[in-house]
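Hi,

Here is the structure I promised to pass on to you. Have a look first, and then read on for what turned up in it.

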Amino acid sequence: MLASQVLAPTLRDDPANADVVSHRLLLRAGFIRQLGSGLFTWLPLGLRVVQNVEAIVREELNRTGAQEVLMPVVQPAEIWQESGRWDAMGPELLRIIDRHARDYCFSPTHEEVVTDVLRQTMESYRDLPLSVYQINTKFRDEIRPRFGLMRAREFIMKDGYSFHLDDESLDVTYRAMHDAYAAILDRIGLRYRSVQADSGMMGGSDSEEFHVLADSGEDLIAYSPNSGYGANVERAEALSNGERPAPKESLTRVETPNAKTIEGVSKLLGIPPTRCVKTLMVHGTDSLIALILRGDHQLNEIKAAHLDGVIAPLRFASDEEISKSLNVDPGSIGPVELGVPYIVDRSADVLSDFVCGANENGFHLTGVNWLRDTPQGRVEDLRNVEPGDQSPDGSGPLAFARGIEVGHIFKLGRKYTESMNVTVQMPDGDDLYPTMGCYGLGVSRLVAAVVEQCHDEKGILWPKAVAPAMLHIVTINQQRSTAVEQAASNLYIECQREGIEVLWDDREERPGVKFNDAELIGIPYRVTIGDRGLKQGTFEFQHERSESIDVRPDDVISRLVAS
């Protein structure tokens with residue numbers, strides 16, 4: 001590539017409204033341009049990175065035996081109505097109408113399409129297992145697109161799907177996909193964690209996310225530094241804190257005027273929030289249900305929504321609904337003689353002599369104890385994990401890090417094959433609904449995640465596996481020196497002959513401009529060619545931001561090949 005011919009317009013200053021490093025640097029280095037909210041054009045250098053990522057993804061997926069397909073981006077409403085997701089998806093699903101007034105959507109994912117492919121092509125158990133994938137454009141109408149490529153509306157994604165006769169077969173492919181994703185991230189050279197996760201709108205059972213570690217990550221993950229345990233905080237199991245002590249206090253009703261929060265009650269009574277419990281009212285399938293947590297803990301809404309008897313998605317009761325059902329205002333609710341079912345978090349269950357609402361406006365109870373003063377109730381894991389919590393696998397305290405979710409694998413079960421009536425015939429003549437797996441990897445988000453982890457104050461530091469080129473040739477005063485131009489041309493041609501991708505900055509620009517652009521673009525190796533070095537028979541050779549060294553022109557190719 002000749003810089004004078006490449007569409008790579010660099011910017012001197014940070015663009016407005018670019019909040020994260022990847023958005024800022026990809027714009028400044030000329031890799032992308034923004035068309036609209038959450039919509040981006042990939043320019044030549046950026047597209048090279050995307051294609052390098054895709055090549056790694058294809059190689060690792062093909063090793064698992066998965067077959068590449070390409071499915072339509074625009075999908076008819078009928079198949080989404082069959083699965084029940086046409087209405088369940090909500091406004092993130094971009095709905096469109098064609099000239100014949102038929103409903104379609106712009107694909108956010110392809111579970112319905114690939115299931116329809118199966119029912120059109122597969123009839124016998126002999127056709128399974130089957131594993132397919134595609135690299136395609138997706139669209140999700142994010143309410144607030146942000147962080148550039150990390151939360152875009154239109155994006156490039158690798159999505160894969162597998163069909164199986166039984167769960168044992170699904171387990172084999174699920175582990176193969178897990179290993180393939182790990183191999184992809186290892187080959188790129190990223191620091192990452194795979195963690196247990198919630199399946200969300202996809203449904204299904206087991207689910208794991210792959211997070212590239214970066215301070216800008218939207219997700220908080222909990223992991224054990226001493227083992228392989230890791231989980232998104234939505235899924236991380238919170239253990240109880242020890243055994244419940246024996247009661248020492250008597251139940252006492254105290255007046256607490258205007259104290260309607262844990263902070264207010266704690267301050268009024270001169271006790272820490274850890275000695276209080278808070279009661280949150282949500283909608284259940286038959287009535288309101290109370291969720292009871294220790295005063296300093298936060299409810300994990302994802303965990304709560306998965307509980308039997310609780311309506312999903314989680315719906316909190318309004319003040320009016322609480323007053324009508326319990327005859328008490330929020331802020332004075334507690335488990336003693338509550339009158340509705342309640343579920344107690346593990347850490348609240350081991351409290352003794354605690355404080356709670358008295359179910360009477362302006363009053364609380366102190367010295368409350370389970371079993372003695374109120375039934376123990378149903379005990380579940382309701383809260384977010386926090387610093388100091390122990391890992392569920394017994395390996396020690398949890399650590400926390402922020403991560404960018406780049407991959408997610410699911411065991412979908414029979415959610416789609418049953419809803420869309422897809423069966424294969426078994427040897428005994430009976431029909432069977434295949435069980436499914438789903439495996440997503442955000443290609444464009446992965447490019448952004450690489451930049452978030454691989455940069456410094458000067459620009460991007462592309463890993464060699466995905467860089468837009470391996471070598472950046474910078475010439476000094478090329479237009480005034482035939483020797484400089486000839487030396488650069490010789491190196492450029494030799495790199496092409498050896499299959500080494502190279503960018504030659506042959507522009508009529510000042511050296512400072514060229515060096516700033518080279519550091520901004522972040523190609524792994526740089527050779528600087530000028531008259532001063534040529535007089536000594538050397539080029540200036542540099543790897544990333546290391547100190548440059550003088551090398552003989554004949555040594556450049558061998559150094560690159562050996563890297």
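What does the accessible surface of the protein chain come to, and what share of it belongs to carbon and sulfur atoms? The surface is about 25600 Å², and carbon and sulfur atoms hold 47% of it; areas come from the Shrake-Rupley method with a 1.4 Å probe, and for residues only the protein chains shown count as cover.

A word on the source: this is a predicted model, where local features need pLDDT of at least 70 and side-chain atom pairs count only at pLDDT 80 or more, while totals for chains, interfaces and linings use all residues. Residues are numbered from 1 along each chain as its sequence is written, and side-chain values use heavy atoms, leaving out hydrogens and water.

Now the overall picture. The C-alpha trace spans about 95 × 70 × 50 Å along its principal axes. Of the 563 residues, 53% count as buried (under 20% relative accessible area, 1.4 Å probe, protein chains only). The chain has 16 helices and 30 strands, which are DSSP runs numbered from the N terminus (helices H or I, at least four residues; strands E, at least two).

Four strands form an open sheet in the order 14-15-16-19, with mixed pairing; two strands pair if DSSP finds at least two bridges between them. Strand 14 (277-283) and strand 19 (378-380) are the edges, each pairing on one side only. Strand 16 (residues 342-345) runs parallel to strand 19, and three bridges join them. Val 344 has Val 379 in strand 19 as its bridge partner.

Happy exploring!

Terms used:
Buried < 20%, exposed > 50% of the residue type's maximum accessible area, 1.4 Å probe, protein only.
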